[in-house]
Amino acid sequence: MEENTLLLNFIIERGNFLTAGNASSKIKKILQSIGLENSLIRKISIATYEAEMNLVIHSLGGNIKAYIDENKVTIEVEDTGPGIKDIDLAMTEGYSTATNEIREMGFGAGMGLPNIKRCSDEFQISSTMDVGTKIKMVFNY
Ligand SMILES: Nc1ncnc2c1ncn2[C@@H]1O[C@H](COP(=O)(O)OP(=O)(O)OP(=O)(O)O)[C@@H](O)[C@H]1O
Ligand SMILES: [Mg+2]
């Protein structure tokens with residue numbers, strides 16, 4: 001962590017659709033308050049929201065850390081959960097294991113992970129079956 005990093009940490013609960021989206025909207029407000037460019041805030045918000053919803057929907061819960069530096073924002077997302085067996089497949093546009101119930105709520109288009117990758121300047125994902133999944137995304141100013 002750099003000298004002047006602002007670190008924010010949010011706990012994400014699985015299956016809690018009442019609080020789902022709160023972490024990404026809080027991060028968005030803080031980025032607005034420090035005066036980041038709107039187009040960058042938009043990308044960070046979309047990517048963080050998609051990662052947050054994946055934790056709510058697909059994992060057993062986890063946390064999102066945002067590191068705000070002078071020249072970049074880094075978002076680290078970590079969960080405990082089933083993990084992802086085939087990451088290439090999960091990264092494919094349109095691939096989703098979401099149930100019908102989740103699809104009826106408007107999720108499950110299989111666009112979350114591809115969108116995160118598209119929005120970020122750096123993207124890393126790693127997953128261990130029956131342990132969990134980690135995502136790191138970096139957005140440069
Ligand atoms: N944190 C996670 N833990 C376990 N599986 C995950 C996780 N994130 C994604 N996946 C798997 O990868 C698939 C693709 O994820 P992606 O976010 O692209 O689409 P989705 O969540 O199914 O739909 P959308 O994001 O468009 O609502 C998911 O359907 C799920 O099988
Ligand atoms: Mg998703």
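1. Aspartate 130 lies in the loop between strand 4 (122-128) and strand 5 (132-140). Helices (H or I, at least four residues) and strands (E, at least two) are DSSP runs, numbered from the N terminus. Phi of aspartate 130 is near 65°. That is a positive value in a residue other than glycine. Aspartate 130 counts as exposed, at 70% relative accessibility. The classes are these: buried is under 20% relative accessible area, exposed is over 50%, and partly exposed is in between, with a 1.4 Å probe and protein chains only.

2. A word on the basis of these points. This is a predicted model, in which local features need pLDDT of at least 70 and side-chain atom pairs count only at pLDDT 80 or more, while totals for chains, interfaces and linings use all residues. Residues are numbered from 1 along each chain as its sequence is written, chains are lettered from A and ligands numbered from 1 in the order in which they are written, and side-chain values use heavy atoms, with hydrogens and water left out.

3. Methionine 129 is in the loop between strand 4 and strand 5. Its relative accessibility is 41%, so methionine 129 counts as partly exposed. Methionine 129 and leucine 31 are 98 residues apart in sequence. Their C-alpha atoms are 34 Å apart in space.

4. Now the ligand. Ligand 1 sits in the largest pocket. A pocket, on a 1 Å grid over the protein atoms alone, is an open set of points with protein on both sides within 12 Å along at least five of seven lines; a 1.4 Å probe is used, and lining residues have an atom within 4 Å of a point. To sit there, a molecule needs more than half of its atoms within 2 Å of the grid points.

5. Around ligand 1 there are 19 residues. Near means that a heavy atom of the residue lies within 4 Å. His58, Asp79, Ser96, Thr97 and Gly108 come nearest. The shell divides into 8 nonpolar, 9 polar and 2 charged residues. Here Ala, Val, Leu, Ile, Met, Phe, Trp, Tyr, Cys and Pro count as nonpolar, Asp, Glu, Lys and Arg as charged, and the others, Gly among them, as polar. Helix 2 (38-58) and helix 5 (112-119) each supply at least two residues of this shell.

6. An oxygen atom of ligand 1 is 2.8 Å from a polar backbone atom of glycine 108. For alanine 109, the distance from a ligand oxygen to a polar backbone atom is 3.2 Å. For glycine 110, it is 2.9 Å. The protein covers 93% of the 600 Å² of accessible area that ligand 1 has on its own. Accessible areas come from the Shrake-Rupley method with a 1.4 Å probe; for residues, only the protein chains shown count as cover.

7. Threonine 48 is found in helix 2 and counts as buried, at 1% relative accessibility. Tyrosine 49 is also in helix 2, but is partly exposed, with a relative accessible area of 33%. The C-alpha atoms of tyrosine 49 and asparagine 22 are separated by 8.8 Å. Those two residues are 27 residues apart along the chain.

8. Asparagine 16 lies in the loop between strand 1 and helix 1. Asparagine 16 is buried, with a relative accessible area of 18%. Its side chain makes a polar contact with the side chain of glutamate 13, at 3.4 Å.

Notes. A polar contact is a pair of N or O atoms within 3.5 Å; within protein, one must be able to donate a hydrogen and the other to accept it, and residues adjacent in sequence count only if both atoms are side-chain atoms.
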